[in-house]
Amino acid sequence: MNRISLPVDLGKKEWLLSLMVGISLIAIALLIGLASGEWTAAGSITFGAGVFWLTLLTLFVFRRLQSEIRAEANHIEATIAVTSILKPRRPLPPFGGAALEADTVRELVALLFQTRPGLIVECGSGLSTLITAYVLEQLGQGHIVSLEQGEGWHHVTKGYLDQHGLASYADVVYAPLKRLDGPVLGQFQWYDPTCLAQYHDIDLLIVDGPTAWADPEARYPAVPFLWEKLSNHAVIFVDDTKRQGESRIVERWLAQYPGQLRVETRETSKGLALLRVSK
Ligand SMILES: C[S@@+](CC[C@H](N)C(=O)[O-])C[C@H]1O[C@@H](n2cnc3c(N)ncnc32)[C@H](O)[C@@H]1O
């Protein structure tokens, strides 16, 4: 952990500064006492303020640690639930970081068993592709086409599928980012559109790419670009909706397709939205 996180999410420097404020107040109180030779009202107030400040900081740290421990326990529970269902033949790649968090993987697995999709298109490959392929193998139906902007990362995901014997359930397509056409979509760099020309009737669209650090709304084109290719009752799985960019994207889609999209949210660590299409 390179940041000591408080509810107000202080950086390490701010945290140290807050600690110094508390210690300094107590030190000043002691100096006042030493200088005057007695315990004055000013000294008592300064001492009290220092102790109060340090107690408050301790409480903040304690509350933060409590919620982090709860989140970790939830991830462990989710990992156990997922692995006991999938029974992976090799160790799974790490959950979290750029990959889906364990609690989101649990939601994905539940959704796949519930909806039994035929064609799945995914934006952003990795652990999610492998997990989906495991479920498709158990369902005995369905196929995932995963668009990947990174040539190197596309080989990594293909490697996962090969190692787990699941290559026949998934195509990982290297789709470098390109500027799209059109007045609105033309503002975006998105997956090379030619890669999806042959696909129709997408039952599940997983939106977890492209990378969004340069443009927080980089994932916006997924729905308008693929709308005609979505089946009449498709589901759109959107990760990271606790981020401003993704939550704004969902709002834009809802405004753009009134009455044709119904949103359900799931309380995961990074935020998850499921959009049910009704054409
Ligand atoms: C949010 S990630 C996609 C994660 C993917 N859905 C998964 O569950 O692993 C978006 C992009 O980040 C890039 N990436 C870089 N390092 C990665 C990593 N360790 N895991 C997954 N994606 C990574 C890939 O180009 C990927 O398409």
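User: Into which domains is the protein divided, and how many Å separate their centres?
Analyst: In this predicted model, the protein is divided into domain 1, residues 12-83, and domain 2, residues 91-277. Taken over C-alpha atoms, the separation between the centres of domain 1 and domain 2 is 43 Å.

User: How many residues does each domain give to the contact?
Analyst: The side of domain 1 that touches domain 2 has four nonpolar and three polar residues, with no charged residues. Counted for each domain, the contact takes seven residues from domain 1, and from domain 2 it takes eight residues.

User: Are α2 and α3 parallel, perpendicular or oblique to each other?
Analyst: Helix α2 covers residues 41-86 and helix α3 covers residues 102-115, and their axes, which come within 8 Å, cross at roughly 40 degrees. Angles under 35 degrees would count as roughly parallel and those from 65 to 115 as roughly perpendicular, so α2 and α3 are oblique.

User: Which class do the residues of the contact of α2 with α3 fall into, and how many are in each?
Analyst: On the α2 side the contact is made by residues including Asn74, His75 and Ile85, while α3 brings Asp103 and Arg106 among them. By class, the residues of this contact divide into three polar, two charged and seven nonpolar.

User: Which residues are closest to the ligand?
Analyst: The shell around the ligand has nine polar, five nonpolar and two charged residues by class. Of the 16 residues that surround the ligand, the closest are Ala98, Ala99, Gly124, Gly126 and Ser128.

Key:
Residues numbered from 1 in each chain as written. Predicted model: local features only at pLDDT ≥ 70, side-chain atom pairs only at ≥ 80, totals over all residues. Axes fitted to C-alpha atoms, helices over the stretch in contact; angles between N-to-C directions. Helix = DSSP H or I, 4+ residues; strand = E, 2+ residues; numbered from the N terminus. Parallel < 35°, antiparallel > 145°, perpendicular 65-115°, else oblique. Contact = placed C-beta atoms within 7 Å. Nonpolar A, V, L, I, M, F, W, Y, C, P; charged D, E, K, R; others polar. Near = placed C-beta within 6 Å. Domains from an automatic or database assignment.
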